[in-house]
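Welcome, and please open your viewer. We will go from stop to stop, with something to select at each one.

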Amino acid sequence: MSRMKDKVVIITGAAQGIGATYAKALAEEGADIVIADILDGTSVVREIEAKGGKAIAIKTDVADETSAAAMATAVTQRFGRIDVLINNAAIYASLNLKPFEEIDVAEWDKVMAVNVRGPFVCAKAVVPYMKRNGYGRIVNISSGTPFKGTPNLLHYVTSKGAILTLTRALARELGDHGICVNTLAPGLVLSEGVIENAELRDRLTAPVIASRAIKRDQLPEDLITPLLFLASDDSAFMTGETLVVDGGSVMH
Ligand SMILES: NC(=O)c1ccc[n+]([C@@H]2O[C@H](COP(=O)([O-])OP(=O)(O)OC[C@H]3O[C@@H](n4cnc5c(N)ncnc54)[C@H](O)[C@@H]3O)[C@@H](O)[C@H]2O)c1
């Protein structure tokens with residue numbers, strides 16, 4: 001398997017959860033992996049290395065422009081280039097469902113800082129290196145929630161809606177540089193965080209499954225081939241687009 005051979009791929013928020021699944025799958029396709037997470041990504045690095053892959057973990061706060069820029073510099077020092085950025089880090093699985101009147105402004109701002117400013121500053125940090133090579137793939141992770149207007153997560157749903165428009169406007173600015181920007185929008189996924197968050201798991205799972213054409217749980221593995229498609233040359237003439245992968249709940 002070598003679809004991503006010699007490509008340097010940064011995945012934010014990949015120390016655990018769905019991001020870790022992406023990291024391991026991209027490594028199996030031959031990519032050199034960078035795990036950029038506020039948490040320690042060493043255990044995922046070890047798993048990748050144990051299978052003969054190459055990976056490093058760089059502690060990064062995606063909401064902090066200086067931290068994101070330092071991460072991009074460190075990546076180029078180590079690997080000499082940056083080909084792909086997967087903007088996966090977000091505040092999600094730690095959130096509690098609540099009516100919008102109960103969301104305080106500090107929590108709203110925190111979600112926006114990580115989920116919206118994060119992809120912006122990470123793109124800003126890596127694009128100069130992509131432009132140097134006239135090549136890049138940016139995959140922004142959104143969600144099915146902005147299409148549905150899922151209640152009781154107003155800050156999260158709003159932040160994921162912003163990702164759809166960020167993708168479109170950024171794609172227009174970067175097309176001439178050989179850089180494609182697309183969005184992957186998963187449905188409710190049984191990620192580690194969702195399994196641990198009893199409220200998300202118990203209140204959302206049954207109605208979401210009932211809303212799908214394919215009525216089963218979505219697993220992180222369901223996202224691997226769509227992610228590889230958007231991160232590779234398989235999607236070379238596609239940019240500004242959103243791919244919803246949710247078993248046919250949202251038909252976008
Ligand atoms: N799990 C789902 O049901 C689901 C559905 C649709 C979309 N998504 C999206 O998929 C992505 C991954 O979801 P998940 O369930 O694995 O989420 P998660 O909350 O379990 O993991 C998010 C990761 O981001 C990291 N992170 C948080 N703040 C950070 C920061 N400031 N800087 C760097 N890293 C930071 C966390 O440490 C964690 O490793 C998210 O963008 C989420 O919004 C998830």
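**Before you start.** This is a predicted model, in which local features need pLDDT of at least 70 and side-chain atom pairs count only at pLDDT 80 or more, while totals for chains, interfaces and linings use all residues. Numbering runs from 1 along each chain as its sequence is written, and side-chain values use heavy atoms, with hydrogens and water left out.

**Stop 1: the largest pocket.** Select N88, A90, I91, Y92 and A93, which lie nearest the centre of the largest pocket among its 49 lining residues. The elements giving two or more residues to this lining are α1, β2 (32–37), α4 (105–133), α5 (145–148), α6 (154–174), α7 (192–196) and α8 (198–211). Helices here are DSSP runs of H or I with at least four residues, strands are runs of E with at least two, and both are numbered from the N terminus. Colour α4 next: it supplies the largest share of the lining, five residues.

The space in this pocket comes to about 1200 Å³. A pocket is found on a 1 Å grid over the protein atoms alone, as an open set of points where a 1.4 Å probe fits, with protein on both sides within 12 Å along at least five of seven lines; lining residues have an atom within 4 Å of a point. Points are joined across faces, edges and corners, and the volume is the space filled by probe spheres set on them.

**Stop 2: the ligand.** Show the residues around the ligand: there are 27, and D37, N88, Y156, V189 and S191 come nearest. Being around it means having a heavy atom within 4 Å of it.

- Q16: a polar side-chain atom is 2.9 Å from a ligand oxygen atom.
- Y156: a polar side-chain atom is 2.6 Å from a ligand oxygen atom.
- I38: a backbone N or O atom is 3.4 Å from a ligand nitrogen atom.

**Stop 3: I58.** Move to strand β3 (residues 54–59) and pick I58. Is I58 buried or exposed? It counts as buried because its relative accessibility is 16%, and the cut-offs are under 20% for buried, over 50% for exposed and partly exposed in between (1.4 Å probe, protein chains only). Beyond residues up to four places away in sequence, I58 touches V34, I35, A36, D37, M71, A74 and V75, where contact means heavy atoms within 4.5 Å.

**Stop 4: S67.** Now select S67 in helix α3 (residues 65–79). S67 is buried, at a relative accessible area of 17%. Leaving aside neighbours within four places in sequence, its contacts are K59, T60 and D61.

**Stop 5: N197.** Go to the loop between α7 and α8 and pick N197, a buried residue at 10% relative accessibility. Draw a line from its C-alpha to that of S94: the two are 103 residues apart along the chain and separated by 7.0 Å.

**Stop 6: helix α9.** Select residues 224–231, where P226, L227, L228, L230 and A231 are buried. The buried residues of α9 pack against α1 (17–28), β4 (84–87), β5 (136–141), β6 (179–186) and β7 (242–245).

Select D6, in the segment before β1 (8–12). D6 has a positive phi of about 65° although it is not a glycine, and it is exposed, at 51% relative accessible area. Finish at N152, in the loop between α5 and α6, whose phi is near 70°.

How values were computed:
A polar contact is a pair of N or O atoms within 3.5 Å; within protein, one must be able to donate a hydrogen and the other to accept it, and residues adjacent in sequence count only if both atoms are side-chain atoms.
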